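I opened the notebook to write down what I looked up, one topic at a time. The entries start with the ligand and then move to the helices.

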Amino acid sequence: MLMSNIDTEVLAVDAIHPEIAKIERAAALIRSGEVVVFPTETVYGLGADALKPRAVKRIFIAKGRPLSDPLIVHIADERALAELVADIPVQVHQLVRAFWPGPLTLILPRRPLVPALVTAGLNTVAVRIPRHPVALALIRAAGTPIAAPSANRFMHVSPTTAQHALADLNGRVPLILDSGPCEVGVESTVLDLCSTVPTILRPGGVGLEELRAVLPDVRLPLQEKNNVQRVDNACLEAQRAPGQLLTHYAPTVPLLLFEGTLEEMHAAMLAEVRRRSERRERVGILVADEDVATFQDSGAMVHTLGSAAAPEQVAAALFAGLRALETAGIEVILCRGFDEYGLGRAIRDRLLRAAAGKVFKHPHLP
Ligand code: TXA
Ligand code: MG
């Protein structure tokens with residue numbers, strides 16, 4: 001297909017003081033209607049000129065993403081908002097002051113200037129100001145808003161390094177700006193300001209508690225709870241068919257998510273490792289530093305995400321951990337659960353999607 005045999009160049013760019021000449025090269029590609037992979041503080045993005053439908057189309061082709069999934073428009077300053085958004089609700093200014101630049105995406109009524117391709121035909125548009133110096137420099141140099149989804153192939157986990165993006169998009173994009181690992185590691189929080197009550201459509205880099213400190217009536221969608229299926233029999237194979245709202249990341253290796261107290265998770269996961277080892281299955285374990293000793297001699301490949309008491313560490317390491325285990329030649333990933341506070345909500349959301357909505361609990365627990 002179109003764009004599947006381009007030479008992909010990976011260009012190292014200083015994350016704090018981006019070199020002007022390198023940014024200018026990437027910006028020239030954007031202005032000419034091409035796509036470029038660039039770092040943001042959350043994950044790497046696959047960007048194109050948001051105001052040129054033909055450029056935006058290239059994003060969907062490179063990712064293999066269906067046109068029905070709308071994109072986030074990245075801007076460098078608040079002034080650009082007025083060009084894209086028809087009507088700016090009063091809460092926006094408080095939110096912008098508190099969280100921009102940063103990992104918060106706002107859903108707002110769109111102006112006709114925004115191509116329908118960007119918004120999948122919706123009358124709303126998703127906008128954010130990222131806080132990564134390379135992203136900001138690129139948007140400014142391009143002189144246009146940049147539409148960008150995460151720079152992964154459709155249904156794969158988001159990239160938090162340039163190497164992840166290269167693994168997914170090699171031969172499909174001309175340029176990847178490499179500024180090292182992303183600071184936050186999970187995608188931005190998507191907040192809908194067009195519904196009657198401000199609603200979080202995707203938990204992310206800004207926590208619910210932080211948002212409520214600025215906007216007390218922010219709510220989570222009601223469906224969320226009904227979408228989680230509790231599974232008591234840990235012997236069951238992980239089902240691959242994702243539920244309706246869980247059609248995001250599907251790992252190439254099935255993932256089983258365990259929740260409960262630390263003792264309960266450890267007992268259930270060790271029992272599962274034993275069962276599978278007897279069947280000669282190669283098992284990967286995704287845990288925190290606090291769990292490593294428990295699984296050291298279990299025979300499974302152990303990958304730690306940092307301290308469970310530091311969700312920012314776990315978030316930053318999560319997608320790299322999933323990719324590391326995916327490529328390690330194992331057959332199943334067992335993952336521990338994390339507390340749902342602050343960034344923990346986004347961590348649990350991504351893990352639940354990877355687990356197709358199933359949570360394993362210790363069989364003897366209520
Ligand atoms: O951190 C991030 O948000 C990264 C970086 C690159 O900025 N981007 C990202 O984009 O994660 P993407 O396309 O992978 O996810 C965008 C999410 C999708 O869930 C999409 O459905 C939602 O935002 N979205 C975009 N426009 C929307 C709209 N008008 N209404 C509702 N949801 C929208
Ligand atoms: Mg994505």
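Which residues come nearest to ligand 1? I found that Thr-42, Arg-65, His-74, Ser-188 and Arg-202 come nearest, out of 22 residues around ligand 1. Being near here means that a heavy atom of the residue lies within 4 Å of the molecule.

Before going on, I noted that this is a predicted model, in which local features need pLDDT of at least 70 and side-chain atom pairs count only at pLDDT 80 or more, while totals for chains, interfaces and linings use all residues. Residues are numbered from 1 along each chain as its sequence is written, chains are lettered from A and ligands numbered from 1 in the order in which they are written, and side-chain values use heavy atoms, without hydrogens and water.

**Entry: polar contacts of the ligand.** I looked for polar contacts (pairs of N or O atoms within 3.5 Å; within protein, one must be able to donate a hydrogen and the other to accept it, and residues adjacent in sequence count only if both atoms are side-chain atoms). An N or O atom in the side chain of Thr-42 is 2.6 Å from an oxygen atom of ligand 1. Thr-124 has a polar side-chain atom 3.0 Å from a nitrogen atom of the ligand. For Arg-128, I read 3.1 Å between a polar side-chain atom and an oxygen atom of ligand 1. On its own, ligand 1 has 680 Å² of accessible area, and the protein covers 90% of it (Shrake-Rupley method, 1.4 Å probe; for residues, only the protein chains shown count as cover).

**Entry: the shell.** Strands S4 (72–74), S6 (124–128) and S10 (199–202) each supply at least two residues of the shell around ligand 1. S6 gives the most, with 3 residues. Strands (E, at least two residues) and helices (H or I, at least four) are DSSP runs numbered from the N terminus.

**Entry: helix H6.** Which residues of helix H6 (residues 133–142) are buried? I listed Val-134, Ala-135, Leu-136, Leu-138, Ile-139 and Ala-142. Buried means under 20% relative accessible area, exposed over 50%, and partly exposed in between (1.4 Å probe, protein chains only). The buried residues of H6 pack against helix H1 (20–31) and strand S4, among others. Gly-143 follows H6 and has a positive phi, near 70°.

**Entry: two more residues.** His-164 lies in helix H7 (residues 162–169). It counts as buried because its relative accessible area is 12%. Ala-324, in helix H12 (residues 311–326), is partly exposed, at 30% relative accessibility.

Note on methods: Contact means heavy atoms within 4.5 Å.
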